[in-house]
Amino acid sequence: MKLLEVKNLKLYYQSTRGTVKAVDGISLDLAKSEALGIVGESGSGKTSLSLALMRVLPSNIDTNEGKVILDGKDITQLSEEEFRKEIRWNTISMVFQGAMNSLNPVLKVGHQIAEPMLLEKTVNKKEAYKKSEDLLEMVGLPKEIFNRYAHELSGGMKQRVMIASALILNPKLVILDEPTSALDVSIQAQIMNLLKRFKKELDISMIFITHDIALSSDLCDKLAVLYAGEIIEKGTAEQMFGKPKHPYTQLLLASIPGLKQDASPKFIPGAPPDLTSPPTGCRFHARCPYRFDPCDKKPPPAFKIEKDHLSRCWLNEGDKK
Ligand SMILES: Nc1ncnc2c1ncn2[C@@H]1O[C@H](COP(=O)(O)OP(=O)(O)OP(=O)(O)O)[C@@H](O)[C@H]1O
Ligand SMILES: [Mg+2]
């Protein structure tokens with residue numbers, strides 16, 4: 001059975017410039033122990049999608065609709081109180097984008113890791129601290145780090161602390177929003193290895209958010225490419241890296257340096273559209289080298305390429321099965 005099914009999720013913000021359609025009809029699913037990569041440029045709606053799943057929303061929400069089905073139950077129907085008790089941190093936890101830089105400077109990191117457990121009040125302080133120490137070791141840090149403060153830790157260590165904190169209540173799903181983007185390359189690799197190990201050993205599902213499609217290749221079983229609030233292509237890692245169908249996915253892959261030694265990396269000209277007035281037709285059409293007649297007029301539906309592989313591009317109309 002699917003662990004998570006998201007159906008036609010929308011999250012729009014109010015702004016002085018108009019309604020920002022940050023998440024505009026997203027559907028995806030995830031099985032137990034599976035890792036799904038969400039890839040997209042800055043501003044494509046990656047964080048908004050994860051905040052909608054965690055129900056951590058700013059006050060200027062215009063629209064928040066769609067279904068989020070977890071273990072067969074639509075969790076959008078839960079009250080805030082039920083959601084807090086049953087879902088947030090317990091079942092779905094998250095490493096927030098940039099959060100390693102907002103660890104509380106006056107609290108010991110071990111206490112901060114244990115905090116969600118202390119708030120639950122189901123175990124005593126001693127047990128919560130023991131679990132925090134165990135988690136520190138699990139994420140590759142010495143137990144002694146428990147008594148340290150955030151300013152005493154490097155970026156990589158702080159990110160390990162954030163991961164430990166997301167694991168404290170044994171969630172079924174962890175959302176990781178750009179967990180390595182502030183780290184240098186060798187530390188990035190260490191964190192990716194840690195995540196790969198957890199996926200295997202802890203039987204945990206992951207949503208791994210990144211702007212770097214190359215980074216998702218190692219960890220993720222499935223990939224969804226986000227463009228201007230919509231998923232424009234999704235499939236298994238094999239399908240997405242082996243036979244990408246959407247020109248945007250193809251361009252993202254061509255932009256990876258060193259993938260083909262004879263070709264220099266390509267960059268994608270132009271900028272993503274303004275989400276207060278997304279273009280008619282395909283949202284990528286203005287930047288697409290292959291655009292043709294219907295592209296600026298009719299939004300392409302998600303064409304099924306093969307099982308599990310969908311692409312929202314008029315070029316793929318003939319592939320419809
Ligand atoms: N609270 C808000 N109010 C209004 N607009 C917002 C708000 N939060 C995000 N946005 C807008 O929604 C769109 C999607 O933002 P989001 O942060 O989800 O993108 P992202 O893909 O996570 O980007 P990045 O890679 O830079 O983290 C952007 O246009 C952003 O400016
Ligand atoms: Mg973001």
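Tutor: The largest nonpolar core has 77 residues, and A164, I207 and V225 have the most contacts inside it. A nonpolar core here is a set of buried Ala, Val, Leu, Ile, Met, Phe, Trp, Tyr and Cys residues joined through C-beta atoms within 7 Å. A residue is buried if 20 or more other C-beta atoms lie within 10 Å of its own, exposed if 12 or fewer, and partly exposed in between, with C-beta atoms placed from the backbone. The largest share of this core, 7 residues, comes from β1. Helices (H or I, at least four residues) and strands (E, at least two) are DSSP runs, numbered from the N terminus.

The model is a predicted one, in which local features need pLDDT of at least 70 and side-chain atom pairs count only at pLDDT 80 or more, while totals for chains, interfaces and linings use all residues. Residues are numbered from 1 along each chain as its sequence is written, and chains are lettered from A and ligands numbered from 1 in the order in which they are written.

Start from V225. Not counting residues up to four places away in sequence, V225 touches V39, G40, I231, I232, E233, K234, H246, Y248, T249 and L252. Contact means that the C-beta atoms of two residues, placed from the backbone, lie within 7 Å.

Strand β9 covers residues 222-227 and pairs with β10 in the antiparallel sense over 6 bridges. Two strands count as paired if DSSP finds at least two bridges between them. Within that pairing, A224 stands opposite K234 in β10. The two strands β9 and β10 form a hairpin with 2 residues between them, and A228 in the turn has a positive phi of about 50°. Strand β10 (residues 230-236) has 6 of its 7 residues buried, so it is largely enclosed by the rest of the structure. β10 also pairs with strand β12 (residues 309-311), again in the antiparallel sense, over 2 bridges; there E233 stands opposite S311.

Strand β9 has another partner. Strand β3 (residues 35-39) pairs with β9 in the parallel sense over 4 bridges, and I38 stands opposite A224. In a regular strand the side chains alternate between the two faces of the sheet.

These strands belong to an open sheet of 8 strands in the order β6-β7-β8-β3-β9-β10-β12-β11, with mixed pairing. From one strand to the next, the twist averages 20°.

Helix α9 (residues 247-254) lies across β3, β9 and β10 and runs at about 105° to β9. Helix α1 lies across β3, β6, β7 (173-177), β8 (205-210) and β9, at about 150° to β7. For such angles, axes are lines fitted to C-alpha atoms, for helices over the stretch in contact, and the values run from 0 to 180 degrees between N-to-C directions.

Now to the other sheet. Its 4 strands form an open sheet in the order β2-β1-β4-β5, with antiparallel pairing. The edge strands here are β2 and β5 (73-74), each pairing on one side only. α1 packs on this sheet too, touching β1, β2 and β4, and its direction makes about 70° with that of β2. β1 pairs with strand β4 (residues 61-70) over 8 antiparallel bridges, where the bridge partner of E5 is I69 in β4.

The ligand comes next. Of the 17 residues around ligand 1, Y13, S42, K46, T47 and S48 come nearest; a residue is near a molecule or strand if its C-beta atom, placed from the backbone, lies within 6 Å of it. The elements that give two or more residues to this shell are β1 (2-15), β2 (18-31) and α1 (46-54), and α1 gives the most, with 3 residues.

Two single residues complete the tour. L167 is in helix α5 (residues 155-167) and counts as buried because it has 21 C-beta neighbours inside 10 Å. P294 lies in the loop between α9 and β11 and, with 14 C-beta neighbours inside 10 Å, counts as partly exposed. Leaving aside neighbours within four places in sequence, P294 is in contact with G281 and W314.
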